[in-house]
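Here are a few exercises to work through with the model open beside you. Try each one before you read the solution.

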2 protein chains.
Amino acid sequence: MRANGLARELIERIADKWTLLIVAALGEEPKLRFSGLRERIERVSHKMLAQTLRQLERDGLVMRTVHPVVPPHVEYQLTPLGRSLLVTVTEFCAWTRRHMAEVEQARSAYDARASVEDAPERAESSPLAPENLRG
Amino acid sequence: MRANGLARELIERIADKWTLLIVAALGEEPKLRFSGLRERIERVSHKMLAQTLRQLERDGLVMRTVHPVVPPHVEYQLTPLGRSLLVTVTEFCAWTRRHMAEVEQARSAYDARASVEDAPERAESSPLAPENLRG
DNA sequence: CTGCATCCACGAAGATACTG
DNA sequence: CAGTATCTTCGTGGATGCAG
């Protein structure tokens, strides 16, 4: 079962917000320059964008095309492998949009519950009662 | 367009390796105890598991059931909302398994290319030639 | 415009210990 | 067994500067 480690490593590498956001961006706009990506992905730093793009390129998910002009013109696009991942990524993004409200609601409920459980502090179904002991 | 920020926040929260691995684990084994999850998810620390489970609970993706016995017996399972996410998560894991080899291959190719580009250092299609200038 | 290196700060995450 | 808190460490990631 050591072979599974590779899949695990790949999951950890790709299950990362910048990776996801870049793939999603290139899904909507097939060819984007470095600066174009920066505009579309809010709050991504120069460094993280470059770093993540290098990883995606190395993993064969993104292709980098340099046009030899000055100033440099570099385009990024998904490879066929990248597009196969895009399907899942798109679905994932759609899920968040669909269920955003439910999650928000769950959070409110959880927070409300948490706050009432702090104050009253009332005795409840004592876990230490003899009928509940096992060991 | 401030509403989009919520989806973005949710993506960042869920696109995290521990979240994914926990959801996947609960997809394979619907009811798991804390210790059961630790066994199934390799190299997860006590702390990160607890922390991520609290988040998943708060987000309404995981339900926590405490059986009042001693020692405590706590079970975790996906909520309906969690199961709806499971579909995508499962697909994502399947993708990594299916394309692991291709990624490995792309990495080798990339690394090989990178190393040969270091040594020879040969003059190539000068980007500074007049016909390439724009500004 | 793009890319890489450096420096630095902050938060994430591990180890440990203690409560219920 | 499960959970939380504390402490410390380590890496991520931001800011900046420089080069091509």
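**Exercise 1: two helices in chain B**

Trp18(B), Thr19(B), Ile22(B) and Val23(B) of α2(B) meet Met48(B), Leu49(B), Thr52(B), Leu53(B) and Leu56(B) of α4(B); a contact here means heavy atoms within 4.5 Å. This is a predicted model, where local features need pLDDT of at least 70, side-chain atom pairs count only at pLDDT 80 or more, and totals for chains, interfaces and linings use all residues. Residues are numbered from 1 along each chain as written, chains are lettered from A and ligands numbered from 1 in the order written, and side-chain values use heavy atoms, leaving out hydrogens and water.

Task: work out how α2(B) and α4(B) lie relative to each other.

Step 1. Helices (H or I, at least four residues) and strands (E, at least two) are DSSP runs, numbered from the N terminus.

Step 2. The two axes come within 10 Å and cross at roughly 75°. Axes are lines fitted to C-alpha atoms, for helices over the stretch in contact, with angles from 0 to 180 degrees between N-to-C directions.

Step 3. Angles under 35 degrees are roughly parallel, over 145 roughly antiparallel, 65 to 115 roughly perpendicular and the rest oblique. So α2(B) and α4(B) are roughly perpendicular.

**Exercise 2: another partner for α2(B)**

Task: find how α2(B) crosses α5(B), and which residues touch.

Step 1. Their axes come within 10 Å and cross at roughly 100°, so this pair is roughly perpendicular.

Step 2. From α2(B) come Leu20(B), Val23(B), Ala24(B) and Gly27(B), while α5(B) brings Leu86(B), Val89(B), Phe92(B) and Cys93(B).

Step 3. Sort them by class: 7 are nonpolar, 1 is polar and none is charged. (Ala, Val, Leu, Ile, Met, Phe, Trp, Tyr, Cys and Pro count as nonpolar, Asp, Glu, Lys and Arg as charged, the others, Gly among them, as polar.)

**Exercise 3: where the chains meet**

Task: describe the contact between chain B and chain A.

Step 1. Count residues: each of chain B and chain A gives 54.

Step 2. Look at the area: about 5100 Å² is buried, with 63% from carbon and sulfur atoms. That is the accessible area (1.4 Å probe) lost on putting two parts together, summed over both.

Step 3. On the chain B side, α5(B) gives the largest share, 19 residues.
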